[in-house]
Amino acid sequence: MELVHTDSNFEPEESFFQLFSDPRSTRLTRVQLREDFVRDRDLEAIRKQDLIELHLTYCNSLSSRSLKTLSSFRETLVSLCLFGCSNIFYRKGGAPLACTEDSEDEDEDVPAARQAPETDFSFRGFDRLRLLNLGQLPDDVEAESLLRPLRSVTALDLSNVRLQGAAFLTQWRERLASLVLYNVDLSEEVVSTVLELGNLRHLDLSRESRRNVKFKMTRKILTVLVQRLLHLVSLDISGHIMLDNCTVPHFEEAVGRPSTEPCKSSIYPLQELKRPLQFLGLYDTTLCTVTHIPAYKVTGSKNEDQILNAIEAYTEFRPELAHKAINHLFDIARIQHCSQLLRALQLVIAALKCHKYDKSIQVTGSAALFYLTNTEYRSDQSVRLRRDVIQVVLNGMEQYQEVTVQRNCCLTLCNFSIPEELEFQYSRVNQLLLKILEPARQDESIQRIAVHLCNALVCQVDNHHKEAVGKMGFVKTMLNLIQKKLQDRTVSLCPSGSRCCDQVMEFSWSALWNITDETPDNCQMFLNCRGMSLFLECLEEFPDKQELHRNMLGLLGNVAEVKSLRPQLLTPQFITVFSNLLESKADGIEVSYNACGVLSHIMFDGPQVWSMEEPRRDAVMDRMWDAIQSWDVSSRRNINYRSFEPILRLLPQSIAPVSQHWATWALYNLVSVYPSKYCPLLIKEGGVGLLEKVLELESSQPETKEMARKVMEQCENFKEDPMETNNGQEANYGQRG
C-alpha cells in the first residue's frame, strides 16, 4: 500500500495476492488495504490465511462475493474494518451471493454496481471478533440484525450509520470499551443507551457540521455523561452546538497558566472528572478556546497544537475534518510561524498519501506544503522527509489536472534545489511538467512556473538526462509553446504600441538552450521541429528583446557545434541574420558573442562548403574580426561553461583564423574574469597545450598569439597563487546552452 500511495507508476500485478494463497510459504496475520484497486478475487486468494486483523477502507470494488470470503476468517479474526466499503453489502449484477471455487471472474474489472442488498450474511461464528468498524454502512443494511450474533465486541465504530434504534448496544454493556457514533443522529434514546455502557473508555459523539442538527449538546447532557461513564479517558464532541452556557465566565476562571486539573476546568461539566482525559475532541466548537481544558490532547482550532491533534485524529476516516484542520495549519504556516514543523509536515504528507483521490485534501495539503518547505524551515528537514514531500506533490500533479492543485504543486517544487533534490524522480517530474504544458490554453501562471522548472531541471544535469528528456518530447513541447505565444493571447500590443514578449517565451528558449548543450540528438530535433523558422519569427517580432536574443543565439551556438547539422545553417538568409547580429549591443556582448560563435563553427568547415555567392565568406569574416575587436575583454558574462571542448577544437587550425581568434578571446575573457572557476577547467582539458600549438602556427594572427600567451600566463599565475582575484564573484547565470 505504501508503494501504491507513494509512486503512481507502481502497478499492482493481477496475480500479486496469489503469492499469499498458501499460508505454509507466505503467512499473513494482519492485512490493511485501501481504495478501489482491491478486487473480490484478491481477498479470495488469501482466504486460507489465519487473519487476526483485516482492515479494508474505501474498497468500493468489493461486492457481496467478498462477504463469503470474510467468513473464511471468522474463527481467527479479532479486528475487522469495512469503513466505506459500501458495495460489499450488495450483489454484483443482482446475482446470488453463492460463488463456487471455480466460478469465473465476470465483470471483475468493473466496480461493484449496487444491485440487491445482501441479506444472507451475518457475523454468526465470528466469536473472537473484538474490534469492528462498519463506518458508512449503507442505509438499507440494518446494523442491528447484522451485529446481533456478535458476543464479544469491545470496540465498535458506526460512523455515518443510520440507526433505527440504539437499544441493541446494551447487549455489550459489560464489555464495550469504545464506541464511535460520528455523524450519527443523536437523540435522548441514544444518549440513554450510551449511559448504560458503564465500561466505556472512549466515546465519540462528534459531528462534521452543526447545520440541520436537531440534537443539542447541553450542559446537562455533558455533565451526566461525565458522571455516569466513570472509566472515560477519551471523549469527542466536535462539531456540536452548546445550547446553554457550558463555560466558566472569563472573570471567574482560575488564575495562572492553562491547567489540565478538572477542578480548574473552564468547562463546567468537565469539573466532574476524577482525572484529566487523555483525549478530548472539541474541534469546531466554542469550547476549544477556553483557558483550562482538563485533557492532555485536545483537538480544536485555537492554536497549532490543537490543529495538529485534529489532523492526526481525523485523517484516516474523516477527510472532511482533516481538510478543515489542514486549512487552519496553512494559515499558521503562511501568516505566523509553525513551531512543530516536523510533526506538521509528517501529518500533511500522511493525509496526502491517505487521500490521494480526495481533491479538497490535495488542494489544502499542497498549499500547506508550499509554506512548510520554504527557506525558513528548510534546515530542519531531512533528505528523506523532503523526498516524501516530492512524492506526494507528484502524486497530486498526476491525479489532478485542476488549476489550483497544479499551481500549488509546481510552486512547492520551486522550494527545492533543482535538479539535485528532484533527480531521484527525474523522469517522472519531467513527464508531468511536459504534460502540464501540452494544453493550448493552459493557465498562464502555471505555464510560467512549469517552464521555469523545466529549464532548471535541464540546466545542470549530464547529457544522458538531457537525451532522455528530449525523447520525452521536451524540444517539441517548448517549440509548440513558443509557436502558440507567437500566434495568440500573450503576444499582444504593449501600451507603447510594440509587441510584448512574456516570460514563458523567454524561459522556453532558455530551456531549449540548456537541453541542446552538447546533445546532438536534441539539436537535430530542434531543426526537425521548425526551430529555425520560429527563431526568425521571434527575431522579427521582438527586435529589441535582449534576453530573448541571448537565449536564442546561445541555442544556435549549440546547434552550430554539431558538424553534421551545420550545413542546415549555411543559407544566405541565416548567415545574413547572424552577420547582422554581430553588431548587436544587446545584453552587453552576449548576443554579438553568441552570433560570432555560431559563425566561427561554420567557418571552421572551410571555404569548400561555402556554396553561396552572397554574403561572401571573406566579408562575413571581416565583420567577425570587427565585432571581436569591439568587445571589452573584462566583460562579466551571462554564461556558464561546463566544458571548453567545443571552443578548444577551434584552436590548432589554419583554415579559419577568425574562428581561432574568437576561441582564444573567449578563453582569455573567462580565465581572467573568473580565474578560480575556469583556469582549473582549461588546464584539466588540455587547453594550455593547444594554445602552445596556436603560437607555433604561422597562420595564427599576431593578436591571436598575444591573447593566447595571456591565457597561458593567467593559468600559470593561478597555479602559483590559486586565490580568487575578483572578490569571489562568479558567473551566476544559467547553464551554457
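Which residues in α16 meet which residues in α17? I opened the notebook with that one. The model is predicted.

**Entry: α16 and α17**

I looked up the α16 side first. Phe474, Val475, Met478, Leu479, Leu481, Ile482, Lys485 and Leu486 make the contact there. On the α17 side they meet Val504, Met505, Ser508, Trp509, Ala511, Leu512 and Ile515. I sorted the residues of this contact by type: 13 are nonpolar, one is polar and one is charged.

Then I took the geometry. Two packed helices are described by the angle between their axes and the distance between the axes. Helix α16 covers residues 474-487, and helix α17 covers residues 503-515. Their axes come within 9 Å and cross at roughly 155°. That makes α16 roughly antiparallel to α17, because an angle over 145 degrees counts as such. The crossing of α16 past α17 is left-handed.

I followed the chain past α17. Glu518 sits in the loop between α17 and α18 (520-528). Its phi is near 50°, a positive value in a residue other than glycine. Is Glu518 buried, partly exposed or exposed? Glu518 is partly exposed, at a relative accessible area of 27%.

**Entry: α11 and α12**

The axes of α11 and α12 come within 9 Å and cross at roughly 155°. So α11 is roughly antiparallel to α12. I noted a left-handed crossing here.

In α11 I listed Val389, Val393, Leu394, Gly396 and Met397. They meet Val405, Gln406, Cys409, Cys410, Thr412 and Leu413 in α12. By type, the residues of this contact divide into eight nonpolar, three polar and no charged.

Next I picked an arginine from α11. Arg386 lies in this helix, which spans residues 383-399. Is Arg386 buried or exposed? Arg386 counts as buried, because its relative accessibility of 4% is under the 20% cut-off. Not counting residues up to four places away in sequence, Arg386 touches Thr373, Arg378, Gln381, Asn415, Phe416 and Glu421.

**Entry: cis peptide bonds**

I went on to omega. A cis peptide bond joins Ile418 and Pro419, with omega at about 10°. Pro419 lies in the loop between α12 (403-413) and α13 (426-437). I logged another cis bond from Glu614 to Pro615, where omega is near -10°. Pro615 is found in the loop between α22 (590-603) and α23 (617-630).

**Entry: the sheet**

What order do the ten strands of the open sheet have? I read it as β1-β2-β3-β4-β5-β6-β7-β8-β9-β10, with parallel pairing. The edges are β1 (30-34) and β10 (295-299). Each has a single partner strand, so one side of each is left without a neighbour in the sheet. The twist averages 5° from one strand to the next.

I looked at one pair in detail. Strand β7 (residues 202-204) runs parallel to strand β8 (residues 234-236), and three bridges join them. Leu203 stands opposite Leu235 in β8. Helix α7 (residues 304-314) packs on the sheet. It touches β8, β9 (277-281) and β10, and its direction makes about 75° with that of β10.

I placed Arg151 in the loop between α4 (143-147) and β5 (155-157). Is Arg151 buried or exposed? Arg151 is exposed, because its relative accessible area of 55% is over the 50% cut-off. I left aside its neighbours within four places in sequence; Arg151 is then in contact with Gln171, Trp172 and Arg175. I also took a distance to Gly125: 9.7 Å from C-alpha to C-alpha, across 26 residues in sequence.

Asn160 lies in the loop between β5 and β6 (178-180). Asn160 has a positive phi of about 60° although it is not a glycine. I noted it as partly exposed, with a relative accessible area of 27%.

**Entry: whole chain**

The protein chain has 28 helices and ten strands. Of its 737 residues, 55% count as buried. I also looked up the contacts with a separation of 6 or more: residues 24 or more positions apart account for 70% of them.

Notes. Residues are numbered from 1 along each chain as its sequence is written. This is a predicted model: local features need pLDDT of at least 70, side-chain atom pairs count only at pLDDT 80 or more; totals for chains, interfaces and linings use all residues. Side-chain values use heavy atoms; hydrogens and water are left out. Axes are lines fitted to C-alpha atoms, for helices over the stretch in contact, and angles run from 0 to 180 degrees between N-to-C directions. Helices (H or I, at least four residues) and strands (E, at least two) are DSSP runs, numbered from the N terminus. Angles under 35 degrees count as roughly parallel, over 145 as roughly antiparallel, 65 to 115 as roughly perpendicular and the rest as oblique. A crossing is left-handed if the near helix is turned anticlockwise from the far one by less than a right angle, and right-handed if clockwise. Contact means heavy atoms within 4.5 Å. Ala, Val, Leu, Ile, Met, Phe, Trp, Tyr, Cys and Pro count as nonpolar, Asp, Glu, Lys and Arg as charged, and the others, Gly among them, as polar. Two strands pair if DSSP finds at least two bridges between them. Buried means under 20% relative accessible area, exposed over 50%, partly exposed in between (1.4 Å probe, protein chains only).
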